[in-house]
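This report describes the fold, the confidence and some local features of one protein model. Please look at the sequence and the structure before reading on.

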Amino acid sequence: MKLRYLFTSLVLLSVFMHFTWEYLVPFCDTTSMYWYLANQRKWNPSGKILVLGDSQIVSGILPETIAALENVPVEEVIFLPKPSQQPEGIYSDTLYLIPKLTNLKKIYVNLSPLNTSKNSITDAHKQLYYSFSKLVFTDLMDPMLRNVYFPNVTDLLWKVNIQIFPYFGLSSNLNRIFYDQTVQTDLKHRRLEFDSIQKSMEERSGAWIWKSIGKDPSITKDEVFQNLDTTILAGKRNGSIQLWNKAIQTWKEKQIEVVVLRIPFSPQMEMDLNQKQGNGVSDSLLQSIQLEANGSKVKVYNFKSIFLNQYEYFADLTHLNQKGRDVFAKVLKKELLNHSDPTAKGM
């Protein structure tokens with residue numbers, strides 16, 4: 001009898017959480033908001049162009065820009081990047097989406113030191129995956145994805161637990177509301193951010209200037225970033241390289257054209273990367289992808305050096321602002337349409 005009451009209580013608790021957790025998401029951090037809303041997004045199953053990647057594409061490229069480059073209606077551009085995205089997420093999306101997109105012709109994706117090294121974003125991605133992504137069959141069956149997401153039974157059980165009781169996926173966000181004064185004073189701002197991202201999902205397929213909330217933030221040449229240290233990005237995460245190679249191989253096998261982009265960081269970030277050799281691994285991988293390209297199916301465009309003096313084009317260290325995005329769109333169109341130098345200047 002007690003077991004039945006316990007089971008009934010757990011079922012009711014799960015139902016309650018599933019019906020109410022969406023009201024708590026606006027109090028989470030920006031990346032969590034974006035992942036939640038991105039996973040609610042409807043996408044066109046007859047789309048021809050797929051865009052994957054991280055927040056650099058989210059804030060750096062409009063779906064309309066891709067549509068103009070490919071001469072297709074914007075409705076045929078499936079814009080599915082997510083902040084803190086890693087190659088395992090890109091490969092997972094590949095396995096999930098390609099069988100469903102029978103008209104898919106081309107994929108745009110960005111590659112950078114942030115998704116070839118082991119860093120804080122690697123761990124953040126895994127937690128975001130646990131909290132907001134659905135548990136799909138391919139993630140369990142593919143040995144590479146299983147090794148990344150579920151290296152042991154405990155991780156799998158934690159993911160299942162969050163699927164049943166979604167509040168646990170928000171716990172790290174919500175706990176801070178009660179003890180972090182900075183978060184407490186930021187709740188109104190977070191609500192505005194949530195509304196802004198939600199609007200971007202509806203009107204721009206999720207393209208969004210990072211933390212802009214209706215304005216166009218920019219940095220200056222004299223601005224100092226105390227925590228800027230790209231030393232960790234110089235290291236290679238072997239799992240990332242293997243996953244990137246696996247994703248590229250899968251796209252080539254499916255005869256899908258691929259455009260791999262290295263989107264520029266701010267001048268401060270690029271200079272620090274150069275000083276600390278943080279570009280070494282990603283540049284090497286980009287060169288390898290280009291050399292091993294299947295005919296003209298895979299193209300690499302490395303734009304790391306195009307905005308080394310244009311501080312006003314960036315919202316922060318890693319994201320273009322609206323002004324920078326508009327200029328970058330012109331650079332993309334010129335470079336991709338002319339095909340004069342498929343590796344661009346910084347390669």
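Does N71 count as buried or exposed? With a relative accessibility of 72%, N71 counts as exposed; here buried means under 20% relative accessible area, exposed over 50%, and partly exposed in between, with a 1.4 Å probe and protein chains only.

The model is predicted, so local features need pLDDT of at least 70 and side-chain atom pairs count only at pLDDT 80 or more, while totals for chains, interfaces and linings use all residues. Residues are numbered from 1 along each chain as its sequence is written, and side-chain values use heavy atoms, with hydrogens and water left out.

**Overall fold**

The protein has 16 helices and five strands; these are DSSP runs numbered from the N terminus, helices being H or I with at least four residues and strands E with at least two. Its radius of gyration is 20 Å, close to the 20 Å of the globule rule for 347 residues, so the protein is as compact as a globular protein of that length. The radius is taken over C-alpha atoms, and the rule is 2.2 Å times the number of residues to the power 0.38. The C-alpha trace spans about 75 × 45 × 40 Å along the principal axes.

Of the 347 residues, 52% count as buried. Among contacts (heavy atoms within 4.5 Å) with a separation of 6 or more, 81% are made by residues 24 or more positions apart.

**Confidence**

The predictor's confidence in each residue is given as pLDDT, from 0 to 100. Mean pLDDT of the protein is 91, and 96% of the residues reach 70 or more. Over residues 340–347 pLDDT stays under 50, and the model has 24 contacts beyond four places in sequence for them. Where pLDDT is low, the predicted coordinates should not be read in detail.

Helix α5 (residues 87–97) is mostly covered, with nine of its 11 residues buried. Among these buried residues are P87, E88, D93 and L97. Their cover includes the strands β1 (49–52) and β3, as well as α6 (120–132), α7 (137–141), α8 (143–149) and α13 (238–253).

In helix α14 (residues 267–275), the buried residues are P267, Q268, M269, E270, D272 and L273. Strand β4 (257–262) is included in what covers them. Just after α14, Q277 takes a positive phi of about 55°.

**Loop residues**

N71 lies in the loop between α4 (63–70) and β2 (77–79), and its phi is near 55°, a positive value in a residue other than glycine. S84 is in the loop between β2 and α5; S84 is not a glycine either, yet has a positive phi of about 65°. S205 sits in the loop between α12 (187–203) and α13. Leaving out residues up to four places away in sequence, S205 touches R41, P63, F79 and S200. The C-alpha atom of S205 is separated by 34 Å from that of Q181, 24 residues apart along the chain.

| Residue | Relative accessibility | Class |
|---|---|---|
| N71 | 72% | exposed |
| S84 | 15% | buried |
| S205 | 25% | partly exposed |
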